[in-house]
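Open the model in your viewer and keep the selection tool at hand. We will go from stop to stop.

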Amino acid sequence: MKKWECVVCGFIYDEAEGLPEEGIAAGTAWDDVPEDWVCPDCGVGKEDFEMVEI
Amino acid sequence: MNPVVIIGTGLAGFNTVKEFRKLDKETPVVMLTADDGRNYSKPMLSAGFTKEKTADDLCMATPEKVAEQFNVEVRTGIHVAGIDTAAKRVLLPDAHLDYSKLVLALGADTWTPPLEGDAVGKVFSVNDLMDYAKFRAALEGKKTVTILGGGLIGCEFANDLSNGGFEVTLVEPMGRCLPLLLPEAASEAVGQGLADLGVKFCFGPLAKAVQHGEGDALVTELSDGSEITSDVVLSAIGLRPRISMAQEAGLETNRGIITDKTLRTSAEDVYALGDCAEVEGHVLPYVLPLMASARALAKTLAGETTEVSYGVMPVTIKTPACPVVVCPAAHGAEGEWEIEAEGSNVQALFRGKDGNLLGYALTGDAVKEKMKLNKELPAVMP
């Protein structure tokens with residue numbers, strides 16, 4: 001499981017936790033997060049995230 | 001065909017280009033900036049120590065890289081002299097540039113109250129990456145920082161500089177952290193979180209003057225007669241939309257540059273977005289509304305006139321010592337706070353007369369309620 005950080009605002013997407021409130025189940029790999037998903041804190045797209053730890 | 005001209009290469013200008021290029025790869029675009037044109041994210045300037053990033057680390061792309069990646073021309077160090085909206089022309093110091101459409105992505109200036117003293121010139125404000133580089137250089141080998149202002153930026157810097165090993169004293173005349181955004185119980189939670197990191201507070205008095213002290217020290221004099229001695233002073237009082245260029249060009253302005261929902265200003269083919277814009281009365285200097293605006297404006301620039309809508313616009317404040325998410329109620333909304341507090345975990349719900357949720361402030365573990373509460377809130381600008 002990996003974590004991905006929004007380079008614009010610092011929001012962390014943790015694959016282990018997912019975002020159940022947004023319909024993304026715990027354990028959802030980054031690649032499986034929908035392409036049109038945007039950062040819940042600042043609204044940028046997936047391309048503005050980078051991997052922060054493995 | 002004259003280019004689309006964008007003044008400003010901050011998040012607003014950059015994201016407009018990025019979104020526009022998804023729709024239109026051909027139309028020439030010229031970006032003008034007064035600074036060095038490096039692409040960075042402004043919110044990260046108050047998280048540099050926590051994330052162990054220097055100014056250079058925070059640079060995500062050079063202007064050359066941006067130009068290549070998005071097939072645009074980026075001109076740096078350009079101070080625009082004026083705009084002739086009738087001739088559809090941007091006036092440069094020694095030339096001019098005709099536009100088909102013009103985008104004002106000018107940002108906001110930091111606002112510092114008038115201070116006296118012989119060291120006023122040494123007071124920092126951090127409003128862009130170049131400021132940040134100077135600020136970081138000034139902190140080299142230093143230990144103590146005085147921060148003027150306990151709002152969003154002041155509290156974020158207090159947390160970040162503490163994480164960086166600095167001793168921070170924060171001055172806030174309104175008597176608590178984030179006084180304009182949070183109810184008292186939530187302010188206390190944030191204040192306690194920062195105090196646990198070692199932040200000291202001077203609540204109540206205003207800073208009046210900054211003087212040279214012994215050696216390289218700076219002495220901040222407060223309105224109650226007390227003094228704070230520190231190595232560095234940072235002003236984080238507030239932001240003012242940059243409107244003077246628009247005013248001089250005869251565009252309608254109020255707090256920001258006035259636009260309709262398509263982000264069009266009072267002049268034809270001139271648009272504004274981001275921290276400089278007042279969109280149907282809304283001045284929201286945050287990334288979420290900026291991104292929504294960039295996406296809508298990109299469509300408009302590509303020929304499909306599109307209104308921006310703002311949904312629920314929560315603001316996350318980067319104080320890891322006590323996380324905060326706040327969704328302010330509309331300006332002037334009537335209602336009352338309903339507060340549940342347990343230590344640093346505060347859930348404050350702002351409800352109208354009939355019990356409907358109009359806004360919230362969450363601290364500590366209560367921030368987890370954000371997504372659920374967002375579903376109950378009305379859109380900021382449907």
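Predicted model: local features only at pLDDT ≥ 70, side-chain atom pairs only at ≥ 80, totals over all residues.

A disulfide needs the two sulfurs within 2.5 Å.

Next, select Cys322(B). Cys322(B) is in no disulfide either, with the sulfur of Cys177(B) nearest at 9.3 Å. Cys322(B) counts as buried because its relative accessibility is 2%. Across all chains, the search finds zero disulfides.

Now go to chain A. Select Cys6(A), Cys9(A), Cys39(A) and Cys42(A), which an unreviewed UniProt entry marks as "binding site". They are spread over 37 residues of sequence but cluster in space, with a largest C-alpha distance of 8.8 Å. Of this set, Cys39(A) is in the lining of the second largest pocket.

Zoom in on Cys9(A), in the loop between β1 (3-6) and β2 (12-14). Cys9(A) is buried, at 12% relative accessibility. Its contacts include Cys39(A) and Cys42(A), and in chain B Ser41(B), Met44(B) and Lys318(B).

Move to Cys42(A), in the loop between β2 and β3 (49-53) of chain A. Cys42(A) is buried too, at 1%. Among its contacts are Cys6(A), Val287(B), Leu288(B) and Met291(B).

Last stop: Asp275(B), in the loop between β19 (270-272) and β20 (277-279) of chain B. Asp275(B) is buried, yet has no salt bridge. Lys42(B), the nearest side chain of opposite charge, is 4.1 Å away. Show the contacts of Asp275(B), including Lys42(B), Gly107(B), Leu239(B) and Tyr286(B).

Key:
Residues numbered from 1 in each chain as written. Chains lettered and ligands numbered in written order. Heavy atoms only, no water. Helix = DSSP H or I, 4+ residues; strand = E, 2+ residues; numbered from the N terminus. Buried < 20%, exposed > 50% of the residue type's maximum accessible area, 1.4 Å probe, protein only. Lys, Arg positive; Asp, Glu negative; His and termini not counted. Salt bridge = Lys/Arg side-chain N within 4 Å of Asp/Glu carboxyl O. Contact = heavy atoms within 4.5 Å. UniProt positions renumbered as here; feature names shortened; annotations may be inferred. 1 Å grid on protein atoms, 1.4 Å probe; cavity = no way out; pocket = protein on both sides within 12 Å on 5 of 7 lines; lining within 4 Å. Lists of a residue's contacts leave out its neighbours within four places in sequence.
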